[in-house]
Amino acid sequence: MEWNELLIRYGEISLKGRNRNVFVKKLRKNIKEALSDLPTVALQAERDRMFLFADDKRDMEEAIIRLPHIFGIQSFSPVAKCEATLEAIKETALRVIGAGETAGKTFKVEIRRTDKSFPLVTGELQQEIAAHVLQNFPELIVQMKKPEVLLHVEIRSEGAYLTAKVHKGAAGMPVGSNGHSLLMLSGGIDSPVAGYLMMKRGVSIDAIHFASPPFTSELAKKKVMDLAEKLSSFGAAVRLHIIPFTEIQQTIVNQVPDNVSMTTTRRLMLQIADQVRAEIGALAIVTGESLGQVASQTLESLTAINAVTTTPILRPLIASDKLDIIEIAQKIGTYDISIQPYEDCCTIFSPSNPKTKPRLEKVIYYESFSDFAPMVEEAVKNRITVDLPLQKQDEFDDLL
Amino acid sequence: MIYFDNSATTAPDDSVLTSFIEVNKRFYANPASIHLAGKQAETLLEKSRAQILSILSAPDGNIIFTSGGTEANNLAVIGFARAFRSRGNHIITTEIEHPSVLFAMEYLETQGFDVDYLAVDEQGMISTEELKSKLRAETIVVSIMHVNNEIGTVQPLAECARLIKQYSRALFHSDTVQSFGKLPISLTGDGPDAITISAHKINGLKGSGLLAFRKGIPPQALNFGGGQEHGLRSGTVAVADAVALAKAMRISLLDEERQEFRQWRNRLVNFIKNYDDVVVLAPDKAAPHIVSIAFYKVKGEVAVNFFQEKGITVSTSSACSSKSGAAGHVIEAIRLAEKYKNGVIRISFGKNNSEQHVVEFEQVFAQFMELLGRGNG
């Protein structure tokens, strides 16, 4: 089936009042960005819906594959255009219906006749087309209320437009319409999901990752880049800050008692993240913490870690079950990346029995023997930033 | 030398050979290893997979790399039958499938599966009416080849897919070894659920092929070991084969857009129709690159030898059955008249051919008919 255009419907944003234009503009920009490598794609945004055109069949197919990942789209439908003659509409109707499932589905034809000069009136047209479709797809069952297959025919002066299938969109808000945050991205299963959920609410993100070479490998770094890249496919670029963390980590291992070293590690990470956040002008920090999963995720522990800043720490997964988180991770395609086996800096020095109820005064007391402040400054200053998605310059391209 | 046996195999494309050698030199590490070199090989492997899935318009589909079309067909027929056995034990295929499907079906019959073989008409076409009547609730697998390797008949896959979806829950597999790169194929919409592709039929390398299938419907594995390819085909994955296959597939798409094969075929068919004692097998709408003809009371082998002598390589009906002597199962299935049965030859075009080759073939053909005392009728 060859489609001429895609009709894109807005979700939540169509409920907005006078700010709607801002949201629509943002969505348009995000869609453009996500499809920027498809040269023939063009967009036309209207008040309640948007149209996507592509001259190249493959660009159109690729757009149909990518749109479901872009937040702010409620649903979209591929549209076939034909001449506004009864014969052409009938023939196109069969192709449009045939492109989807029909067995045992309920069905209805809906006509919108913008061009009043068309010879048949709406009722006649509806009957003619429905009869023709049913003749060819006898397994369809006519039903007026909430049919599963709704063949919508719109007759305009320049032609007839037919749609039948509604693809579900990712819903949510266009990324970037709700401010900017810094995501602490570990390489595990949870943090990418946390980032995804915030993006769904329209928050654009930078990500921060702590690397401890040579204890952690290039591959671990690559894995986090892959995760950030995956997140960038939901409608907005992601900048990743990679923090050199080896020196701080070794200092902690040498200076702080084993059972609170993890709390200190987290506190330092959060301090660094907070400085980076301030530098990039983000308003909040997002983490993948979920209550009770590991020792650092008890309320006592969160309190001790959180004491280093007053910046809002957003924890979209705090009350989620692990299995639910895994389900989302699988759905958004981060799971298979997250489960790759490379050690990250949180696991290499992890103590055997960390305190689940660390006392803040004790932690502060142990930390007071080392001067972490310059190390924190240094780490922030020496961070490496990577913009994702990467501009692909691929050594493999000539081979394929 | 004019090579007109591209349905048996094709000459490897230079750029495919280059890729194969380069990958073996530079990315020979085991893609399952966790070190950097292994990771690189894995990335390259996955890029090949993604490129192939994109070519098939099925980015979320799956691919199992195999040793070729035969293994992929075996895996599809037996693997899917076993995977869906809980739903029923009825399988449908056609009388004119490649032996790698037919013998797998025969094996399944010994294992208690019930197999129906769709008949074909004189042009090698199945009847979709018959398919519809054979489909039932217990049908679990339908395997119908796209283009027949011996005579070039093209089966109506889209209509088959629609019927299969409508009247059963069966998985639809198609052997597209002869059609990929010649006719459009995808794993989306009205296409099959699983397809077989062989590298050496599209200017790739012998010994590699694949089974591609839609998301979430894996066949049961037929071999066991280290769990590679999601446990569906154990054994260290041949990265260079996969890359070379992905490249051959990409290049072959250019052929799909070329109209020359179709023009040559029409020209040749019209030319041959001038002769009374030769029949053209398969309908006019057959695959663009295969012309199968049958001589009246002349052995195909005699014609092959004559053309060979004149510098043109053609084959009898299929390379796989050409040495057995007896008429093949496809020739039997289309009920070709007895007096033509042993006189089948196949001319199949490839990218190294040109129109001049067709002209030369026609000249040699005329000489051959002259020699037989059967001038232009």
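## Helices α5 and α10 of chain A

Helices α5(A) and α10(A) are roughly perpendicular to each other, because angles from 65 to 115 degrees count as roughly perpendicular and the axes of these two helices cross at roughly 70 degrees. The axes come within 9 Å. Helix α5 of chain A covers residues 190-200, and helix α10 of chain A covers residues 322-332. These values belong to a predicted model.

On the side of α5(A), the contact involves A:Asp190, A:Pro192, A:Val193 and A:Tyr196. Their partners in α10(A) are A:Lys322, A:Ile325, A:Ile328, A:Ala329, A:Lys331 and A:Ile332. Sorted by class, this contact has 7 nonpolar and 3 charged residues, with no polar residues.

## Helices α8 and α13 of chain A

Helix α8(A) contributes A:Val260, A:Thr263, A:Thr264 and A:Arg267 to the contact. From α13(A) come A:Leu360, A:Val363, A:Ile364, A:Tyr366 and A:Glu367. By class, the contact of α8(A) with α13(A) has 5 nonpolar, 2 polar and 2 charged residues.

## Confidence in chain A

The average pLDDT of chain A is 90, and 97% of the residues score at least 70. Among the elements of this chain, strand β13 (residues 284-286) has the highest mean pLDDT, at 98. The lowest mean, 66, belongs to helix α12 (residues 345-348).

## Cavities

Across the whole structure, a search finds 3 cavities of 30 Å³ or more. The largest cavity holds about 50 Å³ of space. Its lining consists of B:Asn6, B:Ser7, B:Thr10, B:Val177, B:Gln178, B:Phe180, B:Lys182, B:Lys201, B:Ile202, B:His289 and B:Phe349. By class, that lining has 4 nonpolar, 5 polar and 2 charged residues.

The second largest cavity contains about 40 Å³ of space. Around this cavity lie A:Met1, A:Glu2, A:Trp3, A:Lys57, A:Met60, A:Glu61 and A:Ile64. The lining of the second largest cavity has 4 nonpolar and 3 charged residues, and no polar residues.

Note on methods:
Residues are numbered from 1 along each chain as its sequence is written. Chains are lettered from A and ligands numbered from 1 in the order in which they are written. This is a predicted model: local features need pLDDT of at least 70, side-chain atom pairs count only at pLDDT 80 or more; totals for chains, interfaces and linings use all residues. Side-chain values use heavy atoms; hydrogens and water are left out. Axes are lines fitted to C-alpha atoms, for helices over the stretch in contact, and angles run from 0 to 180 degrees between N-to-C directions. Helices (H or I, at least four residues) and strands (E, at least two) are DSSP runs, numbered from the N terminus. Angles under 35 degrees count as roughly parallel, over 145 as roughly antiparallel, 65 to 115 as roughly perpendicular and the rest as oblique. Contact means heavy atoms within 4.5 Å. Ala, Val, Leu, Ile, Met, Phe, Trp, Tyr, Cys and Pro count as nonpolar, Asp, Glu, Lys and Arg as charged, and the others, Gly among them, as polar. pLDDT is the predictor's confidence in each residue, from 0 to 100. On a 1 Å grid over the protein atoms alone, a cavity is a set of points where a 1.4 Å probe fits but cannot get out, and a pocket is an open set with protein on both sides within 12 Å along at least five of seven lines; lining residues have an atom within 4 Å of a point. Grid points are joined across faces, edges and corners, and a volume is the space filled by probe spheres set on the points.
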